[in-house]
Amino acid sequence: MGKSTGFLEYNRIENEGQKPLQRIKTYREFHTPMDMEDRKKQASRCMDCGVPFCQYGKPLHDGMVSGCPLNNLCPEWNDLIYTGDMAGAAQRLLLTNSFPEFTSRVCPALCEKACTCGLNGDPVTVKENEYAVIEYAFEHGLMKPKAPSVRTNKRIAVVGSGPSGLAAAQRLNRRGHSVTVYEREDRPGGLLMYGIPNMKLEKTVIERRIQLMKDEGVRFAVNVDVGKDITAEELKAKYDAVILCCGSGNPRDIRVPGRDAKGIYFAVDFLKATTKSLINSNLSDGYFISAKYKNVVVIGGGDTGNDCVGTAIRHGCKSVVQLEMMPKLPDTRAANNPWPEWPKVCKTDYGQEEAIAVFGHDPRVYQTTVKQFLKDDEGHVRAIETIKLAPVKNEETGRTVMEPVCGSEQVIPADLVLIAAGFLGTESYITDDFGVKLNARTNVETAAPDVYSTNVEKVFTAGDMHRGQSLVVWAIREGREAAKAVDQYLMGYTTLR
């Protein structure tokens, strides 16, 4: 390493972000990159540990994955940043990661949670270092189209333009195959485009990558809903292989009395409507689900729930409450959750920070669920009756479940309810049309987790549709691996690694 004592000499410093009360005035990304000299110091903290769990990306003894699923060569490009070779750092980064500009913005940084430097201190700023590398590459003209010099006669359809579909399309196109990506929305990007708010991922970043892929020869067919506008049989007849990358699009519902009330929406519909209206008209067209002047209740404590909180605050909501079924996680690692496992600790994300700044308290209410939705005379939701939950261990199975606590009911006002309770597998109309088998979790079944071919000849799958609701970084990994499988199927061998 260029600076073997960097981790001793420099403390972890992160990019400065706008204060919550300032950043809620816009829908823009709100962190300012540090200058290059300070970035070099942060990169120099990578400590030549000898066992870089940051790039391991495989399960530990309990099945929990430690490190980056893409096996990013973090120590190598950290060293190149430190020595000032940003072009070399970009080259090493792009060997394993198809879209660093996405992961450096929205990934929870599995690499950092497994960083050896974090065992007895603060981990290296791997995610921000990655951001610095890829943005340098774009700004300095290093990201040029890589169109193949020779084309095969193979045609491939990729259904879905989320991170797995884009990753598969990029690799197969560069291999020389002719690739068409089908997207049912009006813009490519899948949940990157319409499921993640601009504050985390500005849409110009996606459009920049899509244009680069178009320049390389990838074709995009938008406003085409496969399974409805074009059938599976038509696609199979037209293409030599089809990859289904349609995500895990069935939102988990809350089936309690009063669910039919007006003003209750799935989180993905709320976020999508805001983003689409923001892109089309800067929200002036009014074609979105407004939270302005409303008491908002978000049901679900994950990233999507946090995004709903941040978006509702930018709309100008009257109040916001976020319900979480599970107990609050500890603030520091528990004894049974050692490094380099993923730390099961409480995280206060940007939306919660903004709620604290605006309303003076954390919006999260733990160990609580909905007992019923209460309606007004016009059938619109006016309140939610909640009930507390307590963890109870099942003596037969050994599993702990959350049971209602009698007498703990409360009523909280609600004019707008957003259900962010996760997803339950792929939508049935497309899997029915293709005739692919599903597993017990309603994901597309393959022979093993690292197999991407389905029970239907020439049909493959990848991403959340294959593994279930997961992270962008996992979707990219799936897309890259599916591309290898398709290339092997079409050519009898593969040059993809």
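**Entry 1: a pocket**

I started at the second largest pocket, where α5 gives the most to the lining, with five residues. Helices here are DSSP runs of H or I of at least four residues, strands are runs of E of at least two, and both are numbered from the N terminus. A pocket is an open set of points on a 1 Å grid over the protein atoms alone, with protein on both sides within 12 Å along at least five of seven lines, for a 1.4 Å probe; lining residues have an atom within 4 Å of a point.

Before going on, I noted that this is a predicted model, in which local features need pLDDT of at least 70 and side-chain atom pairs count only at pLDDT 80 or more, while totals for chains, interfaces and linings use all residues. Residues are numbered from 1 along each chain as its sequence is written, and side-chain values use heavy atoms, with hydrogens and water left out.

I looked up the volume of this second largest pocket and found about 460 Å³, a volume being the space filled by probe spheres set on grid points joined across faces, edges and corners. Its lining has 21 residues, and the closest to its centre are L94, L95, K146, Q170 and R174. Two or more lining residues come from each of α5, α9 (163-175) and α11. By class I wrote down eight nonpolar, five polar and eight charged residues; Ala, Val, Leu, Ile, Met, Phe, Trp, Tyr, Cys and Pro count as nonpolar, Asp, Glu, Lys and Arg as charged, and the others, Gly among them, as polar.

**Entry 2: helix α5**

Which residues of α5 are buried? In this helix (residues 86-96) I found M86, G88, A89, A90, L93 and T96. Buried means under 20% relative accessible area, exposed over 50%, and partly exposed in between, with a 1.4 Å probe and protein chains only. Their cover includes α3 (36-44), α4 (74-82), α6 (100-106), α8 (126-139) and α18.

**Entry 3: the sheet with β8**

Next I traced an open sheet of five strands, β7-β6-β5-β8-β18, with parallel pairing. Two strands pair if DSSP finds at least two bridges between them. At the edges I found β7 (219-222) and β18 (459-461), each pairing on one side only. From one strand to the next the twist averages 20°.

I followed β8 (residues 241-244) first. Three bridges join β8 to β18, and I243 has F460 as its bridge partner there, while L244 has T461. Towards β5 there are four bridges, again parallel, and V158 stands opposite I243. A241 and I243 point one way from β8, V242 and L244 the other, and all are buried. I jotted down a reminder that side chains in a regular strand alternate between the two faces of the sheet.

Then I moved to β6 (residues 178-183). Six of its six residues are buried, so β6 is largely enclosed by the rest of the structure. S178, T180 and Y182 lie on one side, with V179, V181 and E183 on the other. Five bridges pair β6 with β5, and V159 has Y182 as its partner.

What lies across β5, β8 and β18? I found helix α18 (residues 472-491), running at about 160° to β18. Such angles run from 0 to 180 degrees between N-to-C directions of axes fitted to C-alpha atoms, for helices over the stretch in contact; contact means heavy atoms within 4.5 Å.

**Entry 4: another open sheet**

I also traced five strands in the order β9-β17-β10-β11-β12, with parallel pairing. β9 (264-266) and β12 (364-365) each have a single partner strand, so one side of each is left without a neighbour in the sheet.

Two helices went into my notes here. Helix α13 (residues 267-281) lies across β9 and β17, at about 80° to β9. Helix α14 (residues 303-315) lies across β10, β11 (319-323) and β17, at about 175° to β11.

**Entry 5: two loop residues**

Is K200 buried or exposed? It is buried, with a relative accessible area of 17%, and its loop runs between α10 (191-194) and α11 (203-216). Leaving out residues up to four places away in sequence, K200 touches E29, R105, V106, D303, D307 and Y350. K200 and V106 are 94 residues apart in sequence and 6.4 Å apart in space, C-alpha to C-alpha.

Last, I looked up G50, in the loop between α3 and β3 (58-59). G50 is exposed, with a relative accessible area of 63%.
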